[in-house]
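Here are some notes on the model for you to read alongside the structure. Please keep the picture open while you go through them.

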Amino acid sequence: MTPDYDLLFLGALLFSAGLSIVIIKRNMIFVLMGIELLLNSSVLNLVAFNRIHNDVPDGQIFGLFVIVIAVCEAAVGLAIVIQVYRYYQSSVPDQINELKE
Amino acid sequence: MTISAQILSADTLISGVLPALLLPLISAIVCLIVSEKYGWVVAFISPLFLLVSAAFAVYTCYHQLGSDPLIFNLTWFSVAGREFDINLLLNNISTLMMSVVSVVSFLVHVYSIGYMADDAAQRRYFSMLGLFTFAMLGIVVSGNFLLLFMFWELVGFSSYMLIGHWYEKPEAADAAKRAFLFNRLGDAGFVVGLMAIWSGYGTFNFADIDIANGGGWQIVAGIGVLCGVLGKSAQFPLFGWLPKAMEGPTPVSALIHAATMVAAGVYLLDRVFWIFAPPVLITIAIIGASTALIGACAAIGQHDMKRILAYSTMSQLGLMVMAVGMEAPFASMLHLITHAFFKAGLFLAAGCIIHTLHQAQHHSRDSFDVQDIRNLGGLRKRLPFTFVAFLVCGSALAGLPFFAGFLSKEAILEAALHWASHGQSWRWLLAGSAFVVSFLTPIYTFRMIWKIFMDEEVLTQNLEIAEAPPVMRFPLLILSIASLWFAVSFNPFDFNGWVFRNISDFIPPAAGASHHPFPWLSFASIFWIALALALAYFSRNASIRSRLLYEAFYFDKVIHLSVELPINFLGNMTRRLDRKWIDGTLHTAAYTYTILAHVVGWFDRFAIDGLVDGVAWSARMVGYSVRRFQREGVQLYIFWALFAIIIFIIWTLL
């Protein structure tokens, strides 16, 4: 098995871990961190696939873009979380259910 | 025999008969609807109405007496092609009777103003008096059996109301009930008679009944009509109610005995005399004679003055009924008319005594039975007017010469002799009983007069007795005058005067021979009465303590045992049957239905409602479970989305 496939496995592992965190964790900060993990695992996948099909470095550049966007997204997400925390005095997603009522 | 008659013109009807007939009814209605505040008005309005009614009746009588019968015909309704009519038949009998009834009723109304002055229920009293008169006038003028029967029942009802006027007294309520029930007993037979008439002749109209067509129905019809008469006219064996009816106000007794109630039966016999078959006539004669004897004997044994008068009425009615049975309806009619006046006079005079003594007792707080003649005596000086009136009317009852009663009684005696001399010898027995009755009548009459008015005062010395007010004396005056001989005939020894000649309008020529077959009769009867008077005088102080006579030969008890007890027993049996079996069946059915209803209710609640509820419940459950996906939060959302994607992926890959 080549090291490239190890990368893919690592990406899948990271994705799974991120997804688990997103689903399981009761704190919104952790959920955001889980989402970061998901993004990073997908970037890892892009880079890994670029190494397998390495004629042009599209994948790596795409990965850079994703990192930049992830940063922006993390900033926006954190801002929302802080706002939500201010409003509800809580960062547990289950308790934020005003829309349902 | 059919009656040949002219059609009654609307003119005569409106100008005479209808006002006379309807004014008492209007009086009754007015008395009923007048408010309590104006209750005193009744005592003036009601006699006024009756005065006008009497005037119309006398006017009609004056115009009509001696001319052909008049008939008024109006189809009432028709069933299956048969027509039922409203018929008025005016012949001499009915016009004369109409004026007698309305005049006596008017006088009783006037008298009642004084007698009932303190009564609280004056409106009811005068109303029923008016209804009573109306009903009797209806009987008098109606020309068919159906209409007559309706008025007949109306008379029964209003007499019930009047006898029971003081219904707070248990005796009065009982007497009213008794009178009503005895009448019902007779009327049951009357209804059978009506059916027989319908079956035999196919019509109820007096004028259309052709007795030749009747066949066997004629006897049934005769017996049936006779049954009705027995109840209404208090004949043997249904006379028990009449003495008891004395519980009513005295003017009512006067009305019942003179003109309205008991006269109706005899009047009916006279009016439809020709429908009776010979065997029925003999029955009528026997019943009349026995009633006359029982009544006369019982009257001798009484102490209560009203009861003496009641039994004497019974006895006189018996004479009238017997005369009908002896094929002399016109003699009977004549006696009915004279009797109406003098008996009303006697009752009103007795009422004066009772009234004034009651008032005197009220002042002196004394109490003894003022109707008991043993407690009275010597009242001639204290009540001279009443004494004279009582004496005049009593003499008429006793049949003294120069009084109306003498003439009419002689008519009956002559009819009895005539009848007895034209048949088997047993007929003399009945004729003889008529003589016995006319011998007993003066005895009890003058015994009563002696005890009340002559002799020494017994319990009344300390009472302040005053004559009755003029309003009560006026009717007495009129009735006393009408008890004299010229009310019937201007010759005081010949009953065939202006009244008798006019009422005997369709008499068969053989029986109508008005020459005197018995010229000695007048002298014989004067002698006979003188004998009776002598006996009455010599036995004036003998006190009669016969329980047998007092109880009128215990016929009341016999009726009680033979009719009332079995009927009571039957009633109790049927009541028990009703309660146990019929009610039991009903109860079982009711229980079954209740249980069934519970089962159905349970089924409804659990099966049908359950089905509906189940649908609703499952819908809610689905909604609940689906809603959970959204409720549990965003993470579960993601989980389920992931779950779906995984399944989707697995599905695509496989």
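In what order do the elements of chain A run from the N terminus on?

1. The model is a predicted one. In chain A the order is α-α-α, starting at the N terminus. The count for this chain is three helices and zero strands.

2. Chain A is more spread out than a compact globule, because its radius of gyration is 17 Å, well over the 13 Å that the globule rule gives for 101 residues. Along the principal axes, its C-alpha atoms fill a box of roughly 50 × 25 × 20 Å.

3. Burial and contacts can be read next to that outline. In chain A, 14% of the 101 residues count as buried. Among contacts in this chain with a separation of 6 or more, 48% are between residues 24 or more positions apart.

4. Now to chain B. Two packed helices are described by the angle between their axes and the distance between the axes. For helix 12 (residues 305–325) of chain B and helix 16 (residues 427–453) of chain B, the axes cross at roughly 160° and come within 11 Å. Angles over 145 degrees count as roughly antiparallel, so helix 12 of chain B and helix 16 of chain B are roughly antiparallel to each other. Their crossing is left-handed.

5. Which residues make this contact? Helix 12 of chain B contributes B:Met305, B:Ile308, B:Ser312, B:Ser315, B:Leu319 and B:Met322. From helix 16 of chain B come B:Leu430, B:Ala434, B:Val437, B:Thr441, B:Tyr444, B:Met448 and B:Ile452. Sorted by type, the residues of this contact are ten nonpolar, three polar and no charged.

6. The second pair is helix 14 (residues 384–398) of chain B and helix 17 (residues 470–482) of chain B, whose axes are 9 Å apart at an angle of about 30°. Angles under 35 degrees count as roughly parallel, so helix 14 of chain B and helix 17 of chain B are roughly parallel to each other. Helix 14 of chain B passes helix 17 of chain B with a left-handed crossing.

7. On the helix 14 side of chain B, the residues in this contact are B:Phe385, B:Ala389, B:Val392 and B:Cys393. They meet B:Arg473, B:Leu476, B:Leu479 and B:Ser480 of helix 17 of chain B. The residues of the contact comprise six nonpolar, one polar and one charged.

Key: Residues numbered from 1 in each chain as written. Chains lettered and ligands numbered in written order. Predicted model: local features only at pLDDT ≥ 70, side-chain atom pairs only at ≥ 80, totals over all residues. Helix = DSSP H or I, 4+ residues; strand = E, 2+ residues; numbered from the N terminus. Rg over C-alpha atoms; globule rule 2.2 N^0.38 Å. Buried ≥ 20, exposed ≤ 12 C-beta atoms within 10 Å, placed from the backbone. Contact = placed C-beta atoms within 7 Å. Axes fitted to C-alpha atoms, helices over the stretch in contact; angles between N-to-C directions. Parallel < 35°, antiparallel > 145°, perpendicular 65-115°, else oblique. Left-handed = near helix turned anticlockwise from the far one by under 90°. Nonpolar A, V, L, I, M, F, W, Y, C, P; charged D, E, K, R; others polar.
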